[in-house]
Amino acid sequence: MTRFLTLATLTAICLATPAFGKTSQVALGAQIYASKCSLCHDNSQHMVNDIGPALFGVVGRRVGSVEGFLYTPALRDAYDRGDTWTPAALNKFLTNPSHVRPGTGMPYMIPNAKQRAGVIAYLKTLHEKP
C-alpha cells in the first residue's frame, strides 16, 4: 500500500510540474499534427509546400509569407497588413479558419481549446535550433 501511495504521489507531482505539462502538451500537438495537419502541411526544414504552406517556423512568421505558395486573397490581404502568426493569432485562426479569415482555403478547424494549445505548442518547436 505504501508503494502505491508513493507512486501515486510521484505521479501527481510530475503531472503538476510545468515542464511535464509542456512536454505532454507538445506530444498531444505532435499527435494531432501527424493525424490531421500533415495531410496538407510539411513540418520539415525543407519547407516543402503541399496543399497548404510549409509550417516550419510558422510561429512568429508573417502571415502569407512562405515563398512559392499560392495563398488565397484572404491570406494575401493579411500579408499586406503585416499580420503575424503569433500564438494568439494561431489560436484564433485554428478555432474556425473560415470565420477568422473568410475565403481561406483551410478547411480544418480545431474547436477543442486543449487540442489547439497542443498543436500551437508543437508548432513552436518547429524552428532552427541554435
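**Reading contacts, core and rings**

Reader: In the protein chain, what share of the contacts with a separation of 6 or more comes from residues 24 or more positions apart?

Author: In this predicted model, residues 24 or more positions apart account for 40% of those contacts in the protein chain. The chain itself has 6 helices and 0 strands, and buried residues make up 29% of its 130 residues.

Reader: Which residues have the most contacts inside the largest nonpolar core?

Author: That core has 22 residues, and those with the most contacts inside it are Y33, W85, L94, V119 and L123. Two or more residues come from each of helix 2 (18-35), helix 3 (73-81), helix 4 (87-95) and helix 6 (113-124), with helix 6 giving the most, 4 residues. If we leave aside neighbours within four places in sequence, L123 is in contact with Y33, L55, V58, V59 and L90.

Reader: How many aromatic pairs does a search of the whole structure find?

Author: The search finds 3 aromatic pairs. One of them joins Y33 and Y122, with 5.3 Å from centre to centre and 50° between the planes, and is tilted; Y33 belongs to helix 2 and Y122 to helix 6, 89 residues apart, and the pair links distant parts of the chain. Both Y33 and Y122 are buried.

Reader: Why is the pair of F69 and Y71 edge-to-face?

Author: Planes over 60 degrees apart count as edge-to-face, and the planes of F69 and Y71 stand at 70°, with ring centres 4.8 Å apart, so the pair is edge-to-face. F69 counts as buried at 19% relative accessibility, because the cut-off is under 20%, and Y71 counts as buried at 8%.

Conventions
Residues are numbered from 1 along each chain as its sequence is written. This is a predicted model: local features need pLDDT of at least 70, side-chain atom pairs count only at pLDDT 80 or more; totals for chains, interfaces and linings use all residues. Side-chain values use heavy atoms; hydrogens and water are left out. Buried means under 20% relative accessible area, exposed over 50%, partly exposed in between (1.4 Å probe, protein chains only). Contact means heavy atoms within 4.5 Å. A nonpolar core is a set of buried Ala, Val, Leu, Ile, Met, Phe, Trp, Tyr and Cys residues joined through side-chain atoms within 4.5 Å. Rings of Phe, Tyr and Trp (its six-membered ring) pair if their centres lie within 6.5 Å; planes under 30 degrees apart count as stacked, over 60 as edge-to-face and the rest as tilted.
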